[in-house]
Structure formats: C-alpha cells, structure tokens
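Thanks for coming, everyone. Please look at the structure on the screen while I talk.

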Amino acid sequence: MILAVLAAPAVAECPAPPDVANELEGLFEEARAAPNDQAGRVVSNQMWLRAPDAAAQEVLERGMRKRDVYDFAGALSDFDRLADYCPLYAEGFNQRAYIHFLREEYGLALVDLDKALSLQPRHVAAQSGRALTLMRLGRIDEARSQLEQALKNNPWLSERFLMAEGGPLAPAGEDI
C-alpha cells in the first residue's frame, strides 16, 4: 500500500530525484521561444510536477487537490509528509512553501523556498514564489532581483506583470 510506504520511511526510502538538467534546459528554451502566453504556460506546466516515485507522486497530487479546495491544513500535512519522505525533491518544499504563503506565514515560506532552490537552483516556480514572498516582506530590491532570474528562464510567468511600469516590482525610475 502506498500510504504505508510514506508512513514508514525507515522501511522505504524515496529514490533520488532524476537529473532533469537537460530536459529542463530544453523546456526553458521552449518557454523563451513560445509565441504567446498560452504556449508559454503549456511548457511551464511540464517543468516540476513529476515526483521520484509513485508513492511521492500520490502524496504530491493529493496535497495539490487539497490545496485547490482550500484545505490548507490537509495540504500542509501532505507536503510535510512529502518533504520528510523525499528530502531531495525540490517540489515538495516548493508546494509546502506555497501553502505557507497562502497562510501568510512568509518566514516559513521563505525557509522552504530557499531549501527548494538549494536543491534545484533553476526551479522557476520557487524563484517566482520567493520573489512574491520577499515582496510581501517588504524586501522589494531582493524580490525584483529574484523575479528577474525567474523571467530569464521563463518570460511567460504571470508574475512578470509585477515588473511592468507602475507595478510593485518595477525598476525605479530616473529622477528629472
């Protein structure tokens, strides 16, 4: 039973996440070359939601379903379980950070985003999530810099509008 595996990590171990560096680079190239927002989002959705094994995938998907119906406590429990079971899987930490962000627990979100980025430095969703979190903490220059990094890989992120003229992360204008 899959739940038994996750309930007893001493008995079963999560396999190491696969090396997706080449695949990721190809997806970044596709995203940068996408002709429009819709095509860019299709590519974006292929980047992160593949867990290291079936047990982890089930917990990831269950947590996301709970998140989607605003069961943040249930989602957090699943993502805690996923992070404990697969401590080298960046998406587990990214999803848990998102729940913390939605609960306005920005410090906890930042800890998980930093962990996700230490595991997968080019994790675009974690980069953009970190930018949003830094923005909420009032750390605007850091947020802008983080979002710029994410947009280099995927210019179609919806967060790009935060950097548009008049946006909260827009580059500072020049004084006359």
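**Helix pairs and salt bridges**

Let's start with a crossing: H4 passes H5 left-handed. Left-handed means that the near helix is turned anticlockwise from the far one by less than a right angle; clockwise would be right-handed. Helices here are DSSP runs (H or I, at least four residues), numbered from the N terminus.

A word on where this comes from. This is a predicted model: local features need pLDDT of at least 70, side-chain atom pairs count only at pLDDT 80 or more, and totals for chains, interfaces and linings use all residues. Residues are numbered from 1 along each chain as its sequence is written, and side-chain values use heavy atoms, with hydrogens and water left out.

Back to the pair. The axes of H4 and H5 cross at roughly 160° and come within 8 Å. Axes are lines fitted to C-alpha atoms, for helices over the stretch in contact, and angles run from 0 to 180 degrees between N-to-C directions. H4 and H5 are therefore roughly antiparallel to each other. The cut-offs: under 35 degrees is roughly parallel, over 145 roughly antiparallel, 65 to 115 roughly perpendicular, and the rest oblique.

Who makes the contact? On the H4 side, the residues include Ala55, Val59, Arg62 and Arg67. On the H5 side, they include Phe72, Ala75, Asp78 and Arg81. Contact means heavy atoms within 4.5 Å. By class, the contact of H4 with H5 has 10 nonpolar, 2 polar and 5 charged residues. Ala, Val, Leu, Ile, Met, Phe, Trp, Tyr, Cys and Pro count as nonpolar, Asp, Glu, Lys and Arg as charged, and the others, Gly among them, as polar.

Stay with Arg67. Arg67 sits in helix H4, residues 54-68. Is Arg67 buried or exposed? Arg67 is buried, with a relative accessible area of 14%. Buried means under 20%, exposed over 50%, and partly exposed in between (1.4 Å probe, protein chains only). Leaving out residues up to four places away in sequence, Arg67 touches Phe72, Ala75, Gln95, Tyr98, Ile99 and Leu102. Arg67 and Ile99 are 32 residues apart along the chain, yet their C-alpha atoms are separated by 7.5 Å.

Now the next pair. H6 (residues 90-102) and H7 (residues 106-119) pack at about 165°, axes 8 Å apart. That makes H6 roughly antiparallel to H7. H6 also passes H7 in a left-handed crossing. The residues of this contact divide into 10 nonpolar, 2 polar and 3 charged.

On to charges. Side chains of opposite charge can pair when their charged atoms come close. How many salt bridges are in the whole structure? The search finds 16. A salt bridge is a side-chain nitrogen of Lys or Arg within 4 Å of a carboxyl oxygen of Asp or Glu.

Take Asp78 and Arg81. Their side chains meet in a salt bridge, 4.0 Å from N to O. Both lie in helix H5 (residues 72-85), 3 residues apart, about one turn of the helix. Asp78 is buried at 2% relative accessibility, whereas Arg81 is partly exposed at 33%.

One more pair. Arg160 bridges to Asp37, with the closest N and O atoms 3.7 Å apart. This pair links distant parts of the chain, 123 residues apart: Arg160 follows helix H9 (140-153), and Asp37 is in helix H3 (residues 37-44). Asp37 is partly exposed, at 27% relative accessibility.

Methods
Helices (H or I, at least four residues) and strands (E, at least two) are DSSP runs, numbered from the N terminus.
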